[in-house]
Amino acid sequence: NSRDVLVPFPQVYLNAKVEGTFLVDAPLINLGYQRSPSSESTESKPKWRSEEEERKNLEHTRLSFFVTLDPLLPKPSTAGDMMDVALEDSLFRIAKRWEENLQGRKVCRNRQIKALVGNLKGEADLVCRFVAPQSPPPGFDNVEMVTRFVSLIPYLEDYLSFYDRSEVWCSSSQFLDLLAGDSEEHAVLLCNYLLALGKNAFVCFGKAAPEGDTTWVLMKDGRKNILINASTGHKYPVEDPQ
């Protein structure tokens with residue numbers, strides 16, 4: 001009957017600090033314990049939440065904290081991330097120019113802009129080449145099942161898997177062969193499965209807590225836009241500030 005908040009050391013190491021308010025992982029039933037009434041009121045619930053969703057939201061226990069390292073440790077080397085190019089020179093220059101043009105815009109200065117990423121061979125490759133419809137395993141025919149399947153594949157940061165490299169993009173088949181990967185591999189595989197199921201899905205770059213720079217999946221379901229942390233299987237409406 002334990003409750004916990006898991007903050008992996010690599011997240012503190014790579015981001016220098018982790019701070020925020022986080023959901024506490026708790027079992028559905030705690031024998032001998034009762035939840036105290038929430039101090040919040042459903043009267044102030046966001047418009048995008050139903051009464052039932054707001055009731056469940058208020059039942060969650062949260063923990064606020066700040067974690068850092070003192071002194072800070074040096075970051076992993078990026079020397080081997082992109083040592084060669086897997087593209088024609090003209091295409092590489094176009095992609096590089098597109099990245100630089102967007103990064104130079106004021107509205108994009110604090111955003112992750114990526115057209116080129118380092119593949120398993122250490123070559124610069126187009127990020128869009130990793131995304132394509134991919135049939136899920138037999139019997140996995142809905143969003144919940146493929147999300148659960150992908151989240152059960154172990155999470156492992158690139159710098160722990162590959163010497164002298166801090167960011168490596170593996171294809172879905174390579175990810176399934178290795179049976180471990182970080183947020184990019186989980187997000188790409190889930191997105192590919194969702195596309196095969198006919199869903200409108202995208203791979204998104206951004207920041208999250210405690211992950212820091214991370215990669216998630218955005219799924220458009222009718223009028224709802226849902227962000228999915230493919231590494232954990234947790235889903236969040238895009239309007240949810242938490």
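User: Which residues touch the most other members of the largest nonpolar core?

Analyst: Happy to start there, keeping in mind that this is a predicted model. The largest nonpolar core has 17 residues. Those touching the most other members are V150, L189, L190, L194, V217, M219 and I228.

User: Which element gives the most to this core?

Analyst: Let's look at the elements that give two or more residues: α4 (143–151), α7 (183–196), β7 (212–221) and β8 (224–229). With six residues, the element that gives the most is α7.

User: What is L194 in contact with, leaving aside its neighbours within four places in sequence?

Analyst: L194 is one of the core residues that touch the most other members. With those sequence neighbours set aside, its contacts are V143, V146, K199, A201, V217, M219 and I228.

User: Is P210 buried or exposed?

Analyst: P210 sits in the loop between β6 (200–208) and β7. A residue is called buried when its relative accessible area is under 20%. The relative accessibility of P210 is 15%, so P210 counts as buried.

User: How many Å separate the C-alpha atoms of P210 and V12?

Analyst: Along the chain, P210 and V12 are 198 residues apart. Leaving aside neighbours within four places in sequence, P210 is in contact with V7, Q11, N15, V18 and F22. As for the C-alpha atoms of P210 and V12, their separation is 7.9 Å.

User: What percentage of the residues in the protein is buried?

Analyst: The protein has seven helices and nine strands, and there are 242 residues in it. The share made up by buried residues is 34%.

Notes: Residues are numbered from 1 along each chain as its sequence is written. This is a predicted model: local features need pLDDT of at least 70, side-chain atom pairs count only at pLDDT 80 or more; totals for chains, interfaces and linings use all residues. Side-chain values use heavy atoms; hydrogens and water are left out. A nonpolar core is a set of buried Ala, Val, Leu, Ile, Met, Phe, Trp, Tyr and Cys residues joined through side-chain atoms within 4.5 Å. Buried means under 20% relative accessible area, exposed over 50%, partly exposed in between (1.4 Å probe, protein chains only). Helices (H or I, at least four residues) and strands (E, at least two) are DSSP runs, numbered from the N terminus. Contact means heavy atoms within 4.5 Å.
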